[in-house]
Amino acid sequence: MDFPANLLDFTHTVAEKFICDAADLRAVFTGLSRFIFSYLSTLGDEYVFLSPSVAVHKTAVVAPSAFVGENVIIGPFTEIRHCAYIRGNAVIGERCVVGNSTEIKNSVLFDGVQVPHFNYVGDSILGFKAHLGAGAVVSNVKSDRGEVSSYLTGFRQNSGLKKLGAVVGDYAEIGCGSVLNPGAVIGKDSTVYPLSSVRGFVPAGCIYKSNNTLIKKG
């Protein structure tokens with residue numbers, strides 16, 4: 001599967017081969033549960049199985065009030081904080097933070113991702129050390145419930161999916177209260193201003209302001 005240059009460092013996720021071998025995003029998000037099911041059988045004694053389909057690394061911390069659904073892998077030194085809601089089909093990497101009232105569904109979080117306060121992430125890929133500010137959400141369904149377009153190549157393409165969130169590049173910063181609309185792609189090391197509504201493709205190393213205004217960093 002082709003991704004924009006330098007968007008994601010795949011060495012920071014256990015799902016590297018699965019994602020890179022997938023034909024397209026549709027194959028990723030419809031096949032994620034099968035990948036997790038097969039990968040669980042390869043995990044060693046460093047993981048604790050909360051159920052046959054939920055593995056948590058022994059160094060991770062899961063708050064008693066958090067909910068963890070089926071088909072979930074939680075990596076080393078990750079924090080699943082108070083009232084987090086991991087619905088299922090989630091690969092959460094090393095040293096991540098999933099915080100208060102944050103919901104994760106059918107998504108891959110690379111190492112170092114932080115979604116610490118009132119966030120929603122559905123049908124999405126969040127790259128290495130990507131960060132969502134408080135209240136920032138990734139929308140994965142259009143208002144008309146129609147097929148979501150993908151902007152992974154920088155151009156609008158059919159995805160074949162009615163549920164598709166965002167692909168957020170490594171080190172991207174998403175400001176508080178922002179919405180990443182279905183199919184959005186945020187480039188590596190880009191920053192989205194607070195209270196933004198982002199559609200389409202944001203190139204790497206840019207600052208996204210309101211009304212689709214882009215400023216190149218540096």
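Me: In this predicted model, is D123 buried or exposed?

Reply: A residue counts as buried when its relative accessible area is under 20%. D123 has 3% relative accessibility and therefore counts as buried.

Me: Which residue meets the side chain of D123 in a salt bridge, and which parts of the chain does the pair tie together?

Reply: Side chains of opposite charge can pair when their charged atoms come close. Here the side chains of D123 and K105 meet at 2.6 Å, N to O; D123 lies in the loop between strand 10 and strand 11, whereas K105 lies in strand 8 (residues 103-109), so the pair ties together parts that are 18 residues apart in sequence. K105 is buried as well, with a relative accessible area of 13%.

Me: What does S124 touch, and where is its place?

Reply: S124 is in the loop between strand 10 (120-122) and strand 11 (125-126), and with 0% relative accessibility it counts as buried. Leaving aside residues up to four places away in sequence, S124 touches F29, N106, S107, V108, V138, G165 and A166.

Me: How many salt bridges does a search of the whole structure find, and which of them involves D189?

Reply: The search finds six salt bridges. In one of them the side chains of D189 and K217 meet at 4.0 Å, N to O, and this pair links distant parts of the chain, since D189 is in the loop between strand 19 (185-186) and strand 20 (191-192) while K217 is in the segment after strand 24 (214-216), 28 residues apart. D189 is partly exposed, at 37% relative accessible area, and K217 is partly exposed too, at 29%.

How values were computed. Residues numbered from 1 in each chain as written. Predicted model: local features only at pLDDT ≥ 70, side-chain atom pairs only at ≥ 80, totals over all residues. Heavy atoms only, no water. Helix = DSSP H or I, 4+ residues; strand = E, 2+ residues; numbered from the N terminus. Buried < 20%, exposed > 50% of the residue type's maximum accessible area, 1.4 Å probe, protein only. Contact = heavy atoms within 4.5 Å.
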